Structures are given as structure tokens and as C-alpha cells.
Amino acid sequence: MVADLWTKVNFHRAGKKLSVGLVLTVYLLSQATSVYALTAEQKAVFQKNIHYFNIDVCSTGSTASGSGSTPSAAVNKNVYVIGDSLTVGMRDSGNLKAKLTNAGYSVTDIEATVGIGIDASIPKIKADQGKAVSKAGTVIVGLGTNGGDGSPASKSSVQSMISAIKDKSPDAQIDWINAYSIKHDYSDFNNLLGNFQSSGKIDKLLDWAKEARDNPGKYNLPSDSLGIHTSPAGYIKRSEWLVSALGAPSSSAAVSNNLSCCPTSGSSSTTLSGRDNAEKVWNFFIGKGLGNIAVAGIMGNLEIESGFDPTVVYGGSHNPDPSTVSVAWGLGQWLPGSKVIGIQKRS
């Protein structure tokens, strides 16, 4: 009996303290009209009541930052090159920097070491001397002739290199030169790179193997034990090929300094890889450079919203065409579903 009474007394006291605390908290919050745990830009978005992805912001020509027009992302023309002895040859004998500059690029660095492999090159990316990698809109990788094959170890090395680049420059386009030798078969390694390209982790596969194989007299590869290197004249031609295969600075390598959620025109569709929708979602965001924890957070949200069902309509029905859907629809339960049509037309 005494114990029960003591418990009731303590509970009553605790309740009074909690009530006072709640009243005080509400009062302070009601007075703190200028206290924000936000940046100035985020505060502006919040005050405009744009608390979610709103395609209408894009279609009306206004922006979250209130500038009155939809800002377009500038192309990042900075390029960083990392490679082995073949890149050394292009840099020192093939005038690669000048050729890239003439093509419209700004070269942040050409990091090349004779005999180096993928794993030994990753610390160079992480060191990021002079912020050469961080500034890059395009990163060209010319690695794999030293130890590259189709093994799980090589797969892990390529993934680690991609992750290191994305850690420094999340929006950078990654273009990888595949390998070729008249003495050794690199087809397993090149197929491995092709798989990374198919999954979206490598943006462009620069097919040196096909170029060298189709034009044996152009590059005069030596018949030594490696069958890889060429002459100074050959390195000039290889540099010319690389710049041609690379193309002009891409709009996908863009610098964005605004809060706009609006898609840019001219983007292409993405081929999704995976055994089911959940795996496709995972591969897509990993391919965009997000980390495992970030992707897991996105997937947790999508699972709750739709169970990874891209045609589900709020309430449980299904409709593959969102154009007439006035309620929430799809993977993210976008509201209304018809807004997705606007996104598609601008993509």
C-alpha cells in the first residue's frame, strides 16, 4: 500500500514537471520566430512553402531560391586524367594536355606513373593534390594493363576507384579507357569494365581495344613481351584518338550552384539492371555515386511508400499510366501522379 502510494506521488510530481516543461517549450518556440537550424537558402525555400519536390516550380519558371527564372547548370569543362605508362606516353610525347585544351577542356592534372595498377592509383585520387580531382567535371581513367583481369579482385579495384573519384567529385563523369595488347588477352577485364558501364557506374567506355585492333598499322604496337606501348608518333595518334573518343565537354558534367530540383533538357533514359525492382533501385543510386547508407535510406522510404511497385495507386489499385491519376502514384507516391508526366517530358 505504502509502495503504491509512493509511486502515485512520484508519478504526480513527474507529471507536473513534464507539464511545466511542455508549457515552457511551447512558449519559447512561439517567441523564437527568427531561430532556424537552416542555411539562408533553405530558409528561403521553407518560407515559400516548397517543402517537397514540386514539378510546378519548374514549369512556372520560378525557382526555390526565388530568382524568378529556372537556372541552367553550367558545363564543368575541367578534366582530370589518371593512368599508367600509356598515359605517360600521351602526356610526355603525345601532347595530350594541349589536345584536350584545344577540344575545349581545362586540364586540372594528368597523373600518370609507369607500371602502376588500379589499387596503387587510388591513394592518388584520395590525396587529391591541388584539388585536381574535386574540380573535375570529367575524370579519365587509363588503368588496367597492369594486373587487370575479370577476377573479383579486379572488380573490387574498379569499384574502389569509382568510389574514390565520386567521394571527391560526386557529379564527375567517369570515362575509362579499356586495355589492349598484341601479346595478352584483356577481354575479361574489358568485359568487366563493360558491366560497370551497363550499370551506370562508368559513364563512357573508351574502346581503345577496338581502335588498336582495327588499325594495327596506325599505332605500330611493338612485338615485345608486353605488346602495349607505341612510339612517340604513335602516342600523338593515340592522344588524338582519345580526344576524339571523349568528345566535347558533356552537359552531364555540370556545375550546379542552386537549389533547383528541375530536370535539365536533353538527358537520356537509363537502362536499369537488377533481378527485381528493389535491386534496380539500389543499382541506380549506387551508380550515381551515393553511398550504401544513403541508398538504404532512400530504399527504406520507397519500400514504405510503394513496396517498390512502380504502378501502384494510393488505395491499392494499379495504373501504368499516371496521366489521369489525381492521387498518389508510383514508387515514391508522387502527388498527384500526373505530375510525373511533366518530369518525363523534360527528361
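Start by selecting asparagine 220, which lies in the loop between α10 (216-219) and α11 (232-246). Helices here are DSSP runs of H or I with at least four residues, strands are runs of E with at least two, and both are numbered from the N terminus. Asparagine 220 is not a glycine, yet has a positive phi of about 50°. Its relative accessibility is 52%, so asparagine 220 counts as exposed (buried is under 20% relative accessible area, exposed over 50%, partly exposed in between, with a 1.4 Å probe and protein chains only).

The model is predicted: local features need pLDDT of at least 70, side-chain atom pairs count only at pLDDT 80 or more, and totals for chains, interfaces and linings use all residues. Residues are numbered from 1 along each chain as its sequence is written, and side-chain values use heavy atoms, leaving out hydrogens and water.

Next, select glutamine 333, in the loop between α13 and α14. Glutamine 333 also has a positive phi of about 50° without being a glycine, but this residue is buried, with a relative accessible area of 12%. Then select leucine 335 and proline 336, which are joined by a cis peptide bond with omega about -10°. Proline 336 is found in the loop between α13 (292-306) and α14 (339-345).

Move to glycine 89 in helix α4 (residues 85-92). Glycine 89 is buried, at a relative accessible area of 7%. Leaving aside residues up to four places away in sequence, glycine 89 touches Gly94 and Tyr235 (contact means heavy atoms within 4.5 Å). For a distance to display, take the C-alpha atoms of glycine 89 and serine 239: they are separated by 9.1 Å, and the residues are 150 apart along the chain.

Finish with helices α7 (residues 152-168) and α8 (residues 187-198), whose axes come within 11 Å and cross at roughly 45°. That angle makes α7 oblique to α8 (under 35 degrees is roughly parallel, over 145 roughly antiparallel, 65 to 115 roughly perpendicular, and the rest oblique). Select Ser154, Lys155, Val158, Gln159 and Ile162 of α7 with Phe189, Leu192, Leu193 and Phe196 of α8 to show the contact.

Now colour the buried residues of α7: Ser154, Ser157, Val158, Met161, Ile162, Ala164, Ile165 and Lys166. Among the elements covering them are α6 (118-127), β4 (138-142), β5 (173-177) and α8.

Notes: Axes are lines fitted to C-alpha atoms, for helices over the stretch in contact, and angles run from 0 to 180 degrees between N-to-C directions.
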